Amino acid sequence: MNVVQNIFLHQGGSMKKLCSVFLSAVMAFSLGACGTPSASKDATPSAVASGYKAGTYTASAAGRNGDVTVSVTFSDDAITDVKVTDQKETPVIGDAAITRIPEDIVKYQSLGVDTVSGATFTSRAILNAVGDAVDQAGGNSEALAKVTCDYPALATDDVDTDVLVIGGGTAGLMAAYTASAAGKKVTVVEKLDVIGGTLNEAAGLLLTVNSEKNDASLDDSLDRVVQFYKKVNETSSVQPDYEFTANLMKQTGQTIDELIDLGMDHTDLDMGNYVGTIFTAGYKLSADLQGLCEKNGVNFLTGTKAVQLLQDDEGAITGAKVENRSGSFAINAKKVIVAAGGASWSEDLKQAEPELSTVDLHEKTQIGSTADGMHMLQEVGAQMADTLYVKSSQPDLAPIFKNDWSNTPDTGMTLMIDADGKRFANEAPAAATILNKQMINHGSKAYWNILDGNNTIGFDADYFEVVKQNAEQGDKAIAVYAKTLDELADKLGVSKDTLKETVAAYNEACKAGTDAQFGKDASYLKELPEDGGYYAVYRREGSWGTIGGAIVDKQQHVLKEDGSILPGVYAAGETATAQLFGEWYFGGFSLGMYMTAGRIAAENAVQEMQ
């Protein structure tokens, strides 16, 4: 099993270990195997391909969303065709790898071809599966992985542009579209090979306030969402800048209306406390925006990493130094918009939140989120937030569940325990992201939802059936079943006395209809009966990114330490989130506000260039 498969199938290890291994893999993959020192063994196709048994062979390997199956055809001395015949990879993200990797394998007769950064899981799955087929055909996959590839050189000439956008994700795409629609020459640099960033992984829900185009029967007023935001964040140890946030929120409707006017399919939803608009799926929205940008002449430079912001003698930002696999060059710009994502895959986050070394965090962001934009801005004197922490998603399940049901039911009626067998929080807060953040803060190495064996709390029947099926393996990092609490404690590795005390106290609170310990609403207090046994379902923390980064004004200008504007540069998206959120995050808030911030940054950049 290769390093990427190990990471993907990881269930119980720490975030610290996960990040360090994955970052090493990313560094290696971004350099490309072909032509790198590690692959330069003077191997040639003829040296490793002799003795193929001509024919077509089938093999599979684990990708991001399941097995990727390939069909590989060999002559006596060459790989003549590679086809991906079955896969469930994320559209757009996996497409580049599914197209490019097979072509390169045939062209270079090598398994050391460059992976597609941003689609690393898919790339490695294809290479692993083809390697299996090579071995089936009598070849040597290990030797074939060392065959060097003579990739054509990329351009490294300096570039002049009106607007340079660093990062091709949510905020960057909207910024690029806005500036190009205004007639400006726009260049986007994206260090991954795939445009879209974490937007490609998202459901595509955007916070919507004051829209004129969506369902008029929905209350998308600013007062409604701000009141909700303030109420929930009362318990947050970190407070948003409510004036700044409200100013951005009230402009989200204009962003949504523009997307609707562009003909994008959408669905309007009332989320209970705010309104959201879904544009099919994140990867579809990303592809649509990229297509609109390309029609406007936007120059996308993928596989190109910005490494340093350029300044003139007066300190104004005038562009950036960038690098691709062939070398470095300068992009000179009248205005620069930094939208390079957050810090999820960086050492910065692990240092800022040491509890991440103990929890099992499922990182759902793209691997390009390594704090590059934050570091570049800090180096030129930008004011940076005092805090950096995880933007919480919902608690997740073990990978083996593979989302076999459309949506995980609300687990607020269950009892949740930590690795000591203790209850630690209200299992039914205003949003699951709040519970997830409490799990991170609590820092336990494991968590479980406890369900009674007869499903008296009334979970969705399909969900409960999946729980029962997975519990048959008896793996505490997936799900287990036990007839008694003593047996359950043994299977989970917790104290029998502690677990029984926890369940007894919880049942007493349910009988009383009052949760004095954690304040759980009475409607969620459901006893755990003794008959029928118990299921324990493993839960791991989830992340949708980070909160922190550069401090900006309402026009998205980056501010200096003294509060003055750093000329020539703006920041939008996850590079600058500290003013927008407290500890508690809510679905759709980032996409709606990041895209709006990108639009505002571009509008101001264009206006200031006039």
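E12 and E21 (residues 565-571) pair in the parallel sense over three bridges. Strands here are DSSP runs of E with at least two residues, helices are runs of H or I with at least four, and both are numbered from the N terminus. Two strands pair if DSSP finds at least two bridges between them.

A word on the model. It is predicted, local features need pLDDT of at least 70, side-chain atom pairs count only at pLDDT 80 or more, and totals for chains, interfaces and linings use all residues. Residues are numbered from 1 along each chain as its sequence is written, and side-chain values use heavy atoms, with hydrogens and water left out.

**Stay on E12**

Now select strand E4 (residues 159-166). E4 pairs with E12 (residues 327-338) in the parallel sense, over seven bridges. Pick Val-163: its bridge partner in E12 is Lys-335.

Next, select strand E11 (residues 317-324). E11 runs antiparallel to E12, and six bridges join them. Lys-321 has Ala-330 of E12 as its bridge partner. Two residues lie between E11 and E12, which form a hairpin.

**A loop residue**

Go to Thr-411. Thr-411 lies in the loop between strand E14 (389-392) and strand E15 (415-418). Is Thr-411 buried or exposed? Thr-411 counts as buried, because its relative accessibility is 11%. The cut-offs are under 20% relative accessible area for buried, over 50% for exposed and partly exposed in between, with a 1.4 Å probe and protein chains only. Show its contacts (heavy atoms within 4.5 Å). Leaving out residues up to four places away in sequence, Thr-411 touches Glu-427, Asn-449, Phe-459, Tyr-463 and Arg-539.

**The largest cavity**

A cavity is a set of points on a 1 Å grid over the protein atoms alone where a 1.4 Å probe fits but cannot get out; lining residues have an atom within 4 Å of a point. The largest cavity holds about 120 Å³ of space. Select Arg-64, Gly-118, Ala-119, Thr-120 and Phe-121, the closest to its centre of the 14 lining residues. Helix H5 (120-136) and helix H4 (93-108) each supply at least two residues of this lining. The largest share, three residues, comes from H5.

**The second largest cavity**

Last, select helix H18 (589-609) and helix H9 (242-249), which each supply at least two residues of the lining of the second largest cavity. H18 gives the most, with three residues. This cavity holds about 40 Å³ of space.

Methods
1 Å grid on protein atoms, 1.4 Å probe; cavity = no way out; pocket = protein on both sides within 12 Å on 5 of 7 lines; lining within 4 Å. Points joined across faces, edges and corners; volume = space filled by probe spheres on them.
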